[in-house]
Amino acid sequence: MTSPDQSRTETRSLKRELKTRHLTMMGLGSAIGAGLFLGTGVGIRAAGPAVILSYVLAGAVVMLVMQMLGEMAAAKPAPGSFASYARFAFGHWAGFSIGWLFWFMQTMVLGAEITGAAAIMSSWFGIPPWLPALICVTFFAVVNLTAVRGFGEFEFWFSFIKVAVIGLFLLIGVLLIFGWLPGHEFIGTTHFLGDGFIPNGLPGVAVATLAVAFAFGGIEIVTIAAAESEDPQTSIRRATRSVIWRIGLFYIGSVLVITFLLPFHHIQNAETAAESPFTLVLKMAHVPGVVGLIEAVIVVSLLSAFNAQVYASSRMMYSLSRQACAPRVFSYVNNRGVPVCAVLLSMTFAFFSVGLQWWNPTGLLAFLLNTVGGILIAIWIMVAFSYLKLHPVLARLGLLSSVRLGGYPWLAILAVLALFSFVALMLFDPASRGQVISVTVIFSALIGISIVVAKIQKRPVTHGKLTAD
């Protein structure tokens, strides 16, 4: 006999209230974060103008992954997205480990996002950082505990602000390059080719490729949200295509403007808004209050990412619970279609992660944050392998929609080879080697736990099954 709570858990499900515009902006908002405004200089410093090649290469690989994920999500929408497809393809161990790995990554990044935003806001008002952090976490807890459309609206407008600012930046940049602003002369390729297109050779391009690859992380939220969209196939098709070309335009366009206007040896890794390449370019155009503007955009970017990560982590926990990979209580859904307990768990760990940022025990925080880049690569590799196995199954079941990658299996194999080349670069890079080690340790531990859980539940560990239902 089941309790009333258990019965409600089993009969209620997530509501489909997200529109295509919500999904599109979620993908943009998650991928266009503070790293674009502060971290762009890392790749430029390593490769010079040839960083464009790095963005094209890394972007192409990630877009292949996005297309593979989009194909599976349009054919079989699931709140667990890639974790669900890993389970369908390879069995309990794959869905369990990659789902928990993603949830762990999201909760760790939650603390970093809100800590960064709180530090800037506290400097504006002369208050302790914990106060804006507490206010923001509480506010977004309320947002994520309301109906999912409320979350979608907040994410839409947060992302719209970022997109608008980048669009303005691109316009001003083009005007500066061609000398079309009063008091400015034609710059052309003076800086872009002043020290050569590839000043640090191919090794510099390789380092830059590794640096920029992680900039595209976050677009997978589109397929997680697909399970709550009004028309999953149409929404995913439009959102995927829109996200791909818009991110290409915004990232590559921004980097082109920066490398045309600033000598690459003058660009450093920015730790503050005042040091951002975006700030330096806008200062050239004498935009008033430019430091404050970029600070505000960085705060919006961080809060937008925080909001999206609360959503993504709670839906992943809901999915894990539904598959008996997490306690059953986290699959409880209220009458507004919100997995309340899963959201509260994410918010609890958000507070814990914020506290960990300020406590900063020796070695622990560095180890945990080191896993983020490695987890992204692990997720992308699992997506590619899941696609390789599930594509013929989806075709046989007649589930494939108009959202398709094409070129099966060669494009997917090419993506896998490229992703493993990223892992090789990380192993040869002393600064990134720790990420591979950290995620290997955690992933191995999760696989071991999944085997134990499967034995307790008396279920097969490696058998996955996909049906047309």
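Helices (H or I, at least four residues) and strands (E, at least two) are DSSP runs, numbered from the N terminus. The model is predicted, so that local features need pLDDT of at least 70 and side-chain atom pairs count only at pLDDT 80 or more, while totals for chains, interfaces and linings use all residues. Residues are numbered from 1 along each chain as its sequence is written, and side-chain values use heavy atoms, with hydrogens and water left out.

**Exercise 1.** Describe the lining of the largest cavity, and state which helix gives the most to it.

Solution. A cavity is a set of points, on a 1 Å grid over the protein atoms alone, where a 1.4 Å probe fits but cannot get out, and its lining residues have an atom within 4 Å of a point. A volume is the space filled by probe spheres set on the points, which are joined across faces, edges and corners. The search of the whole structure gives two cavities of 30 Å³ or more, and the largest has a volume of about 60 Å³. Its lining consists of Ala 83, Ser 84, Arg 87, Gly 95, Ser 319, Leu 320, Gln 323 and Cys 325.

**Exercise 2.** Describe the second largest cavity by its volume, its lining and the classes of its residues.

Solution. The volume is about 40 Å³, and the lining is formed by Val 62, Val 65, Met 66, Leu 69, Ile 219, Glu 220 and Trp 380. Helix H5 (residues 51-75) gives the most, with four residues. With Ala, Val, Leu, Ile, Met, Phe, Trp, Tyr, Cys and Pro counted as nonpolar, Asp, Glu, Lys and Arg as charged, and the others, Gly among them, as polar, the lining divides into six nonpolar, no polar and one charged.

**Exercise 3.** Classify the ring pair of Phe 96 and Trp 100, then that of Phe 178 and Trp 180.

Solution. Rings of Phe, Tyr and Trp (its six-membered ring) pair if their centres lie within 6.5 Å, and planes under 30 degrees apart count as stacked, over 60 as edge-to-face and the rest as tilted. The whole structure holds 24 aromatic pairs. For Phe 96 and Trp 100, the centres are 6.4 Å apart and the planes at 45°, so the pair is tilted. For Phe 178 and Trp 180, the centres are 4.8 Å apart and the planes at 20°, so this pair is stacked.

Note on methods
1 Å grid on protein atoms, 1.4 Å probe; cavity = no way out; pocket = protein on both sides within 12 Å on 5 of 7 lines; lining within 4 Å.
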